Amino acid sequence: MKPPLQNVSIFCIKQEMLSLYIKLILNISMLRAMYLNFQNKTAMPIALCLLFTLLTTSLESTVQDLDPPAHAAPPYALSTVVIDAGHGGKDPGCLGSHVQEKDIALKIALSLGNKIKIAFPSINVIYTRDKDVFIPLHERAKIANRAGADLFISIHCNYIGKRNKATGTETYIMGLHRAQDNLEVAKRENSAILLEDDYTANYDGYDPESNEGHIILSMYQNAHLEQSAALAYAIEEKMTHKVERKSRGVKQAGFLVLRNTAMPSVLIETGFLSTDDDEDFLSSSSGQESIAEGIFQAFAAYKEDLELHTVVESPAQQTVEPKTAFFIQLAATGHELDLNSDPWRGYENVRVKQENDYYKYLAGPFESLHTANVARKKFDGDGFNGAFIVAYQGEKRVRIEEVTSSALN
Ligand SMILES: [Zn+2]
């Protein structure tokens with residue numbers, strides 16, 4: 001017998017309230033971690049961007065939750081983590097006065113993996129390397145993708161020119177925000193490909209010495225930006241309050257090792273080998289153990305949050321709600337232009353789409369309106385005046401107002 005309509009309404013409202021409550025708790029826990037990072041002023045713009053995305057996602061999701069799923073969704077469980085010790089073999093990474101980055105990174109990586117295995121025996125821990133060997137950057141992402149990993153954690157040490165007083169940890173996620181400021185860190189980490197035999201073929205002609213190449217690289221959008229940021233903020237929070245190191249905050253830049261990972265991913269610079277205090281700390285067993293413990297505690301908190309609040313969509317729901325992709329329309333012409341000639345040359349994510357009698361030149365896809373808008377401003381600065389954002393669901397062009405109520409900023 002069907003329940004009375006009134007009862008159905010009450011059921012829907014209860015579902016909505018529960019969903020909203022859970023999302024508020026999740027947002028508050030992430031905001032707390034962000035707040036603790038506000039001691040570093042550069043973290044504020046990233047946090048505000050994420051807050052905007054989180055709130056709009058919560059509102060949109062709440063509306064969708066009014067329809068109860070036909071089948072109960074299976075619980076989500078983080079099952080595989082890839083731990084990537086930076087450098088190795090013929091690539092020593094940066095050099096301290098008496099230690100090499102590759103050795104520090106490996107020790108922290110193995111210690112972190114052990115802690116995860118002991119605390120969560122069901123989790124599959126995969127190392128990109130567990131000894132002193134050279135692994136190309138593109139191979140590291142492939143290891144994670146082949147394993148269907150849920151998380152990718154890359155461990156490194158920082159370095160600035162000559163001996164100095166720079167100190168503390170930084171956790172990076174892929175992205176454009178202030179990428180110019182973080183150019184030197186990304187260029188140094190990406191330069192490892194110069195030791196690979198055929199790097200021009202494996203990295204689409206990327207030149208680690210080129211500033212322009214770096215900016216284009218930083219425009220690669222990781223579809224898991226929010227989750228990457230949640231872990232990154234948790235790590236920096238633990239570095240401050242558990243490990244008692246100076247946190248230099250969560251930052252964005254273009255890293256080749258993160259470019260092709262198909263899961264949330266972070267790159268941690270655990271301290272400066274160009275600074276006596278940091279080098280002494282990182283080269284000691286207690287320092288390595290302490291850093292690994294900080295990352296582990298952040299991982300455990302991230303895992304718990306994710307598993308508590310992630311709702312896995314059933315296949316039925318996925319077909320009802322097609323995924324929206326955002327693009328930037330740069331131009332439209334009556335005849336097809338060659339993308340290998342100016343002004344398109346150098347933009348790897350531009351494609352041509354034929355609609356009616358026009359060839360449209362689209363950059364993307366971008367997962368959110370916000371990330372598309374950030375990239376649009378970059379294209380605008382490059383001379384693509386009048387570029388605007390369009391939305392597609394599959395091959396179908398949809399009105400932006402139909403898929404989001406967010407205003408462009
Ligand atoms: Zn490194």
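Visitor: What do the buried residues of helix 4 pack against?

Guide: They pack against strand 1, strand 2 (124–127), strand 3, helix 5 (183–190), helix 6 (199–202) and helix 9 (256–259). The buried residues themselves are Leu137, His138, Arg140, Ala141, Ile143 and Ala144. Just after helix 4 comes glycine 148, with a positive phi of about 60°. Keep in mind that this is a predicted model: local features need pLDDT of at least 70, side-chain atom pairs count only at pLDDT 80 or more, and totals for chains, interfaces and linings use all residues. Numbering starts from 1 along each chain as its sequence is written, and side-chain values use heavy atoms, with hydrogens and water left out.

Visitor: What makes a stretch a helix or a strand?

Guide: Both are DSSP runs, numbered from the N terminus: a helix is H or I and at least four residues, a strand is E and at least two. The protein has 14 helices and 11 strands.

Visitor: Why is lysine 187 called buried?

Guide: Buried means under 20% relative accessible area, exposed means over 50%, and partly exposed lies in between (1.4 Å probe, protein chains only). Lysine 187 has 14% relative accessibility, so it counts as buried. This residue sits in helix 5. Of the protein's 409 residues, 49% count as buried.

Visitor: Which residues is lysine 187 in contact with?

Guide: Contact means heavy atoms within 4.5 Å. Leaving aside neighbours within four places in sequence, lysine 187 is in contact with Pro208, Glu209 and Asn211. As for serine 210, its C-alpha atom is 8.3 Å from that of lysine 187, and the two residues are 23 residues apart along the chain.

Visitor: Why is glutamate 244 called exposed?

Guide: Glutamate 244 has 66% relative accessibility, and therefore counts as exposed. You will find it in the loop between helix 8 (225–241) and strand 5 (247–253).

Visitor: Is histidine 87 buried or exposed?

Guide: Histidine 87 is at 6% relative accessibility, so it counts as buried. Its loop runs between strand 1 (80–85) and helix 3.

Visitor: Why does histidine 156 count as buried?

Guide: Histidine 156 counts as buried because its relative accessibility is 5%. Glutamate 101 is buried too.

Visitor: Why is helix 10 called roughly perpendicular to helix 11?

Guide: Helix 10 (residues 276–283) and helix 11 (residues 285–309) pack at an angle of about 85°, with their axes 4 Å apart. Axes are lines fitted to C-alpha atoms, for helices over the stretch in contact, and angles run from 0 to 180 degrees between N-to-C directions. Under 35 degrees is roughly parallel, over 145 roughly antiparallel, 65 to 115 roughly perpendicular, and the rest oblique. So helix 10 is roughly perpendicular to helix 11.

Visitor: Where is threonine 324, and why is it called buried?

Guide: Threonine 324 lies in strand 7 (residues 324–333). Its relative accessible area is 17%, so it is buried. Its side chain makes a polar contact of 2.9 Å with the side chain of glutamine 393.

Key:
Polar contact = N/O pair within 3.5 Å; in protein donor to acceptor, adjacent residues only side chain to side chain.
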